[in-house]
Amino acid sequence: MDNRRKAIVITKQDNVATALIPLAPDETVSVILQGRPEVIKLLSSIPKGHKFALQEIAAGGDVIKYGEPIGQATTRIPRGEHVHVHNVASHTKTTEGVP
Amino acid sequence: MNFQGYRRAAGKAGTRNYVLIIPSVGCSQGTAAAIARNLKGTVYLPNIFGCGQMAADREQTKRTLVGFGVHPNVYGVLVVGNGCESLAAQEIAEGILPSGKRVEFIVLQDMGGTRKTIAVGRRIVKEMLSDAAQCNREPVPLSELVLGTECGGSDYTSGLASNPALGSASDLLVEAGGTVILSETPELIGAEHLIARRARTPAIGKQILEATAWWEHEAMASGQNIREADPSPGNIAGGITTLEEKSLGCIYKGGTTTLEEMVPYAFPPSKKGLVFMDTPAHDIEQLTGMVAGGAQIIVFTTGRGTPVGSPIAPVIKITGNTDLYRTMRDSVDLDVSQILAGKETIQEAGQRILVEMISVASGKETKAEKLGQRDFSIFKIGINI
């Protein structure tokens with residue numbers, strides 16, 4: 001059994017984990033989710049440094065990392081799915097009045 | 001919990017015991033350097049400003065130099081002026097006097113020559129060093145510690161290991177009653193509303209938003225759209241999805257507590273807990289501002305490596321990149337890559353950082369200090385004439 005840490009969850013409020021090594025589809029990852037150990041089955045390959053969903057995120061729902069919303073899901077993201085620029089939009093807008 | 005510090009007349013406690021030489025203008029900087037040469041326990045500030053500056057910059061230069069002078073890590077100060085500069089040595093000295101420490105000033109043009117000035121300066125400094133040697137460390141509560149937090153040369157490990165670990169240590173220090181300074185205003189852009197929400201009062205939140213808007217506007221006026229440039233293609237390939245994620249990965253080093261105050265560049269915080277200082281993201285300008293504002297110790301996260309240190313405050317470097325720790329062992333103090341290997345939690349690493357902070361505050365030398373890194377640069381707002 002490979003005991004290397006596969007992914008990291010920064011805070012208890014996060015709904016994504018970040019892969020520490022490249023992970024393959026169907027691979028299982030053990031995480032602590034809100035204090036409880038859980039096993040997540042991956043639906044896609046997750047490159048190193050990329051995120052995957054710890055639970056389903058509804059379309060329009062917040063992607064939470066560092067305990068804060070880092071973006072909005074542009075489509076429903078199932079548990080174990082790759083979370084990145086293809087299914088997340090930034091909330092950030094240019095400050096009003098800036099030319 | 002205590003650290004062993006030097007109690008000063010003004011009441012604050014220092015982590016170091018330097019005799020400091022401050023050139024009030026760039027013209028006397030070389031003389032200040034010559035006075036400091038080979039005198040152990042003495043440092044000079046490589047300041048090149050103090051003349052030909054617009055009002056706001058003159059004020060900022062003065063505030064920064066005085067901030068270093070009154071700093072509790074400094075036993076005594078010699079200010080060296082040229083004689084015709086706008087920011088006179090006497091003015092700087094008078095700004096430092098209320099701290100109760102020994103302050104002297106000498107002026108090249110009055111002394112009749114550079115060599116004479118150096119000789120007189122070295123005599124004064126040697127006397128101060130002799131007196132400084134009589135100072136002893138005593139137990140000081142952690143609530144009197146002001147930590148400056150910084151990240152530079154970041155890579156993917158910064159947002160996943162070193163910044164969260166430093167954030168955990170920051171929370172521990174705030175819990176102990178101490179102060180943590182978060183800075184680098186441009187890095188907030190993208191997450192400024194999230195940070196503003198954590199402010200103690202809406203007024204402080206508004207100050208944060210005004211500060212980030214100023215930086216964004218200034219960058220735009222020079223042709224750079226900060227929001228469009230970040231995350232970069234390299235960031236995206238590495239897994240960073242949004243600007244919020246990138247900014248939060250940086251901001252997280254300040255921890256999770258309420259933001260108690262926002263202060264301008266090189267201003268001392270008046271509150272304990274987590275405070276924000278408006279500084280550039282430039283590593284050395286940011287460092288200089290936090291030390292001028294009273295930070296007695298700095299913890300600096302890095303992923304790609306940097307040797308930067310500060311003249312009067314110890315800078316502890318930490319990294320989450322195990323390869324960096326191996327290749328730049330002479331510049332990095334602490335390795336927290338165990339977080340990424342699953343061998344340590346973020347909280348455990350945070351505890352280790354706090355322990356290292358207490359050791360360093362109490363006298364342990366950092367790698368940057370061993371290397372003699374004394375980086376100093378004042379954030380300049382406008383043009384010099």
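# Contacts, sheets and burial

Me: What makes the charged end of Lys317(B) count as sitting over the ring of Phe300(B)?

Reply: The charged end of Lys317(B) is 5.2 Å from the centre of the ring of Phe300(B). A charge sits over a ring if NZ of Lys or CZ of Arg is within 6 Å of the ring centre and within 35 degrees of the ring normal, so the contact qualifies. This is a predicted model, in which local features need pLDDT of at least 70, side-chain atom pairs count only at pLDDT 80 or more, and totals for chains, interfaces and linings use all residues. Residues are numbered from 1 along each chain as its sequence is written, chains are lettered from A and ligands numbered from 1 in the order in which they are written, and side-chain values use heavy atoms, with hydrogens and water left out.

Me: Why are the strands that hold Phe300(B) and Lys317(B) called a pair?

Reply: Strands (DSSP runs of E, at least two residues, just as helices are runs of H or I of at least four, both numbered from the N terminus) pair if DSSP finds at least two bridges between them. Strand β12 (residues 297-301) and strand β13 (residues 315-319) of chain B have four bridges, in the parallel sense, and therefore meet the rule. Phe300(B) has Lys317(B) in β13(B) as its bridge partner. Both strands belong to an open sheet of seven strands with parallel pairing, in the order β10-β11-β9-β8-β12-β13-β14 of chain B.

Me: Which strands of that sheet stand at the edges, and what makes them edge strands?

Reply: They are β10 (259-263) and β14 (334-335) of chain B, each of which has a single partner strand, so that one side of each is left without a neighbour in the sheet.

Me: How do you know that β3 and β5 of chain B pair?

Reply: Strand β3 (residues 18-23) and strand β5 (residues 74-81) of chain B share six bridges in the parallel sense, and Pro23(B) stands opposite Val80(B) in β5(B). They lie in an open sheet of four strands, β4-β3-β5-β6 of chain B, with parallel pairing. Neighbouring strands of this sheet are turned by 20° against each other on average, direction ignored.

Me: Are Trp214(B) and Trp215(B) buried or exposed?

Reply: Buried means under 20% relative accessible area, exposed over 50%, and partly exposed in between (1.4 Å probe, protein chains only). At 36%, Trp214(B) is therefore partly exposed, whereas Trp215(B), at 13%, is buried.

Me: How do you know that the length of helix α15 of chain B agrees with expectation?

Reply: The expected span is 1.5 Å times one less than the number of residues. For the 16 residues of α15 (residues 346-361) of chain B this gives 22 Å, and the end C-alpha atoms are 22 Å apart, which agrees. Among the buried residues of α15(B) are Ile346(B), Ile353(B) and Met357(B).

Me: What makes the phi of Tyr66(A) and that of Asn38(B) worth noting?

Reply: Most residues other than glycine have a negative phi. Tyr66(A) has a positive phi of about 60° and is buried, with a relative accessible area of 6%. Asn38(B) has a phi near 60° and is exposed at 76%. Tyr66(A) lies in the loop between β6 (62-65) and β7 (68-73) of chain A, and Asn38(B) in the loop between α1 (29-36) and β4 of chain B.

Terms used:
Axes fitted to C-alpha atoms, helices over the stretch in contact; angles between N-to-C directions.
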